[in-house]
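Please keep the model open while reading.

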Amino acid sequence: MRMKLLAAALTAAAATLTFTTSAQASHSWGGYHWARTSSPFTLKLGDNLSSGWKSYLSTASSDWSSSAVLDTTVVTGQSNSACRATSGRVEVCNSTYGSNGWLGLASISLSGGTHISSGTVQVNDTYFNTSTYNTAAYRTMVMCQEVGHTFGLDHQDTNQTNANLGTCMDYTNNPSGPPSNLHPNSHDYSQLSSIYSHLDSTGTVGLTKAVPAVGNSKASWGKRMEHSDESGVDTYVRDFGKGEKVITFVYWAN
Ligand SMILES: [Zn+2]
Ligand SMILES: [Zn+2]
C-alpha cells in the first residue's frame, strides 16, 4: 500500500513537472503587478517616440487592451529619449542609443515588494536601423514584448531557434513565423487575468510620487539577477533602499 501511494505521488509530481515546463508554464514576472483598487484598470503609455515608431506603439496598446483585466491608452509622453520614469504610468521611448548591445529594454520600479509604480520601454534605433532588425515584424514584436513586461509578464520561451509559440513574449529569430510572434496569445491574456485576479487596498496606477530611475547604460542597472545562455536574456535589479527597486529586462541584439 505504502509503495503504491508513493508511486502515485511520484506520478503526480512528474505530471506537474511536465505541465510546468511546457508552454503553459506561468510566465508572471516575479509576481510584479500594478496595485489597483478596481478592475479592469487603465494604464497610460506615454508616447515619447519619433514618427516611425508611433504605429507600433498603437498596435501594442490595442493588442494588450484585449485583456479582460487591463486597458492601455497612448498619451503624450512626459519624458524624452532619456526615458526618465514617471510614477503611475509607462513611458515609451526610442533613440539611437548606440552600439551598447541591447535592442530593447523594459524597466519597472517597485515600491515595497511586488507593486509596480512606474515602467519604461526603450527601443534602440542603432540596431533597428540595420538590415537585420529594420523590419515591421521585429519592430512589432519587440514593442509588444517590452510593453508586456511593464504589466509584469515574463517571456513564455527564451529559445530563439525553436518553433514560434505565436506570441510576442516568445524569443525568436523569425518574428513573422509562421506562426507569427507579433502579438500576444491567449496564454498571455490568461496569465494577466491570473496576475490581476485580486484587488489591492491602495493603487499605484496613476499615483504621483517620486520614483527611482535607472539610465540606459548597463552600469546603471545594478546587479544581474537572471541570465539565459540560450538567448542572452538578462534581468538586472538595482536596489535604492527602503523597498524601492528598479528591475530591468534586457533584449540583447544578436
Ligand atoms: Zn496586489
Ligand atoms: Zn523581453
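## Terms and basis

Buried means under 20% relative accessible area, exposed means over 50%, and partly exposed lies in between (1.4 Å probe, protein chains only). This is a predicted model, in which local features need pLDDT of at least 70, side-chain atom pairs count only at pLDDT 80 or more, and totals for chains, interfaces and linings use all residues. Residues are numbered from 1 along each chain as its sequence is written, chains are lettered from A and ligands numbered from 1 in the order in which they are written, and side-chain values use heavy atoms, with hydrogens and water left out.

Helices (H or I, at least four residues) and strands (E, at least two) are DSSP runs, numbered from the N terminus.

Donors are N, O and S atoms within 2.8 Å of the metal (3.2 Å for Na, K and Ca); water is not among the atoms, so sites may look incomplete.

His-198 is partly exposed because its relative accessibility is 30%. His-115 is also partly exposed, at 22%.

## Zinc ion, ligand 2

The zinc ion (ligand 2) has Gln-145 (OE1), His-149 (NE2) and His-155 (NE2) as its protein donors, lying 2.1 Å from it. Their spacing along the chain is Q-x3-H-x5-H. Gln-145 and His-149 both belong to helix α4. They are four residues apart, about one turn of the helix.

## Disulfides

A disulfide is a covalent bond between the sulfur atoms of two cysteines. Here the criterion is a pair of cysteine sulfur atoms within 2.5 Å. A search of the whole structure finds two. With the bonded cysteines numbered in sequence order, the pairing is 1-2, 3-4.

Cys-83 and Cys-93 form one disulfide, with sulfur atoms 1.9 Å apart. Cys-83 lies in the loop between β3 and β4 (90-95), and Cys-93 in strand β4, 10 residues apart. The link is right-handed, with 80 degrees about the S-S bond. Cys-83 is buried at 2%, and Cys-93 is buried at 0%.

Cys-144 is joined to Cys-168, S to S 2.0 Å. Cys-144 is in helix α4 and Cys-168 in the loop between α4 and α5, so the pair ties together parts 24 residues apart in sequence. This link is left-handed, with -50 degrees about the S-S bond. Cys-144 is buried at 1%. Cys-168 is buried at 0%.

## Helix α5

The buried residues of α5 are His-187, Asp-188, Gln-191, Leu-192 and Ile-195. They lie on the same side of α5 because they cover an arc of only 140 degrees around the axis. That arc is taken from the directions from the helix axis to the C-beta atoms. Their cover includes β1 (33-34), α2 (51-64) and β3 (70-76), where contact means heavy atoms within 4.5 Å.

## Leu-165

Leu-165 is in the loop between α4 (136-149) and α5 (186-195). Leu-165 is partly exposed, at 31%. Its C-alpha atom is 8.1 Å from that of Ser-180, 15 residues apart along the chain.
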